[in-house]
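Open the model in your viewer and keep the selection tool handy. We will go from stop to stop, picking residues as we go.

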Amino acid sequence: MQSVAKPIRRSAHVLAVGLMVTALGGCGLPSLTSGLGPGGFGGSSQQTSQVQSVSEEQLLSAAKAEVTGGTTTSASGISPGCPKFEVWPRDNNLTIYMEGRVGDSLAIRHRGEITKTARECVVDGSRVTVKYGISGRVLLGPSGVAGPVTLPVHIFVTDAKREKVATDAMQVSVDMVMDQPIGYFSAVQSISFDVAQGARPGEYEMFVAFDRKAPGAG
């Protein structure tokens with residue numbers, strides 16, 4: 001099968017807003033300004049969930065809603081012929097450290113977390129086009145500074161043998177301010193691939209993951 005990596009116009013909706021400590025779901029403000037290791041920020045207990053509407057506004061609203069836990073499930077109303085869209089295991093978060101201090105909890109600049117996903121499919125013969133979206137949040141760490149934070153994200157589609165048949169990439173950005181140490185992001189793009197003869201779109205899977213080659217990533 002011929003791999004398809006179709007560049008798509010990046011469309012990232014950016015919003016940096018404050019959040020009350022009681023709404024952080026175990027991520028209190030004092031924890032954001034104290035020494036934390038890679039598993040800090042209360043992010044390890046979060047589960048990525050899926051919403052039906054694939055729009056930046058819907059995803060951004062979903063990202064700001066409290067995550068109640070549970071496993072990732074397909075949104076209602078989406079055809080079973082559409083590939084599942086999940087976060088690659090353990091890659092729903094990315095912690096960035098000061099240069100040369102990876103692993104030092106006091107040197108954490110910020111942490112990105114993917115908390116919501118969504119997708120829609122259009123099938124034209126053997127060609128499948130998936131409109132997909134992600135949303136999440138960025139939290140400042142003990143060494144965090146105000147200003148823009150940009151994190152790279154990879155998306156890929158695999159067949160039933162877990163071989164990649166299509167890839168895509170995007171960057172999510174948030175403008176952080178010191179007195180509002182939590183910001184939210186959402187982004188929507190599309191990716192297309194061909195289904196092999198005798199296969200079905202539902203046998204394929206889509207995954208999203210932070211790029212751990214980012215400078216300072218731990």
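Predicted model: local features only at pLDDT ≥ 70, side-chain atom pairs only at ≥ 80, totals over all residues.

**First stop: a parallel pair**

Start by selecting β3 and strand β10 (residues 205–210): these two run parallel and are joined by four bridges. Strands here are DSSP runs of E with at least two residues, helices are runs of H or I with at least four, and both are numbered from the N terminus. Two strands count as paired if DSSP finds at least two bridges between them. Within this pair, click on Phe85, which stands opposite Met206 in β10.

Now widen the selection to the open sheet of four strands, whose order is β3-β10-β7-β8, with mixed pairing. Its edge strands, each pairing on one side only, are β3 (84–87) and β8 (164–176). On average, neighbouring strands of this sheet are turned by 20 degrees against each other, direction ignored. That angle is taken between axes fitted as lines to C-alpha atoms; angles between N-to-C directions run from 0 to 180 degrees, and helix axes are fitted over the stretch in contact.

Residues are numbered from 1 along each chain as its sequence is written, and side-chain values use heavy atoms, with hydrogens and water left out.

Colour by pLDDT, the predictor's confidence in each residue from 0 to 100. The chain has a mean of 75, and 68% of its residues reach 70 or more. Select residues 1–46, where pLDDT stays under 50 and the model has 113 contacts beyond four places in sequence. A contact means heavy atoms within 4.5 Å. Residues 66–78 are also below 50, with 19 contacts beyond near neighbours in sequence.

**The disulfide**

The rule asks for a pair of cysteine sulfur atoms within 2.5 Å, and by it the count comes to one disulfide. The torsion about the S-S bond is about 65 degrees, so the disulfide is right-handed. Because Cys82 lies in the loop between α2 (56–64) and β3, and Cys121 in strand β5 (residues 108–124), the pair ties together parts 39 residues apart in sequence.

Are these two cysteines buried or exposed? Cys82 is buried at 4% relative accessibility, whereas Cys121 is partly exposed at 25%. Buried means under 20% relative accessible area, exposed over 50%, and partly exposed in between (1.4 Å probe, protein chains only).

**Along β6**

From β5, follow the hairpin into β6: two residues lie between the strands, and Gly125 in the turn has a positive phi of about 70 degrees. The two strands run antiparallel, joined by 14 bridges. β6 also pairs with strand β9 (residues 182–194) in the antiparallel sense, over 13 bridges; look for Gly133 opposite Val188 in β9. Eleven of the 14 residues of β6 (residues 127–140) are buried, so this strand is largely enclosed by the rest of the structure.

Pick Lys131 in β6, which stands opposite Glu120. Lys131 is partly exposed, with a relative accessible area of 34%.

**Last stop: the core**

Finally, select Ile134 and Phe193, which touch the most other members of the 33-residue largest nonpolar core. Such a core is a set of buried Ala, Val, Leu, Ile, Met, Phe, Trp, Tyr and Cys residues joined through side-chain atoms within 4.5 Å. Beyond four places in sequence, the contacts of Ile134 include Phe85, Val153 and Val208.
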